[in-house]
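Have the picture open as you read.

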Amino acid sequence: MPKLIFRLFLSFAVFVTIFILIQQYVKPVSFGENGHYRANALEDNLRKTTYYKGEKACASCHQEVMDLKDSDLHAEVRCESCHIPKIDANTKCEVSPPKMEGSIEFCATCHATNPARLKKGVPQLDINEHEKGKNCVKCHNPHAPWELTEN
């Protein structure tokens, strides 16, 4: 029995030694400098392309839409939340932002009845009863949803 324990201990020691050597070889140089993460990751993330342009870039060309949106319920909703596909920060917005889908399923991502959501704030709808199958933007101006269009 002692021979088996010695072999087991030796196997364990070899495994731990190999693990430590591999860890030292693959561990990034800056790992652990500022806590339990790679410190150089901050610089790497700063070099990445920004995905969102932001409200200021939209307002530079679309000020009338921004004024309408800012005066209504969607004032806190950022443009890129609805306008898909999202515009890369380096892409020029030539004429207008990409058209939003406007289907009831799309709008339901925020407006569907959800018991976990607070009653105040985002209006909640039963999407199975509210104008089923219609496109929301046919009746509602997405930048000012209380402004109904004539149909």
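Q: Why is Val-14 called partly exposed?
A: Its relative accessibility is 44%. Buried means under 20% relative accessible area, exposed means over 50%, and partly exposed is in between (1.4 Å probe, protein chains only). Val-14 is therefore partly exposed, at 44%.

Q: Before we go on, what kind of model is this?
A: This is a predicted model, in which local features need pLDDT of at least 70, side-chain atom pairs count only at pLDDT 80 or more, and totals for chains, interfaces and linings use all residues. Residues are numbered from 1 along each chain as its sequence is written, and side-chain values use heavy atoms, with hydrogens and water left out.

Q: Where does Val-14 lie?
A: Val-14 is in helix α1. Helices (H or I, at least four residues) and strands (E, at least two) are DSSP runs, numbered from the N terminus. Helix α1 covers residues 2–26, which is 25 residues.

Q: How do you know that the span of α1 is close to the expected one?
A: The expected span is 1.5 Å times one less than the number of residues. For α1 that gives 36 Å, and the helix reaches 36 Å from its first C-alpha to its last.

Q: What makes α1 "hardly covered"?
A: The count of buried residues among its 25 residues is zero. In the protein, buried residues make up 19% of the 151 residues.

Q: What makes Asp-44 and Arg-38 a salt bridge?
A: A salt bridge needs a side-chain nitrogen of Lys or Arg within 4 Å of a carboxyl oxygen of Asp or Glu. The closest N and O atoms of Asp-44 and Arg-38 are 3.0 Å apart, and the pair forms a salt bridge. By this rule the count comes to one. Side chains of opposite charge can pair when their charged atoms come close.

Q: Which residues does Arg-117 touch, not counting residues up to four places away in sequence?
A: Arg-117 touches Thr-109, Cys-110, His-111, Ala-112 and Gln-124; contact means heavy atoms within 4.5 Å. Arg-117 is found in the loop between α6 (104–111) and β1 (140–141), and it counts as partly exposed because its relative accessibility is 27%.
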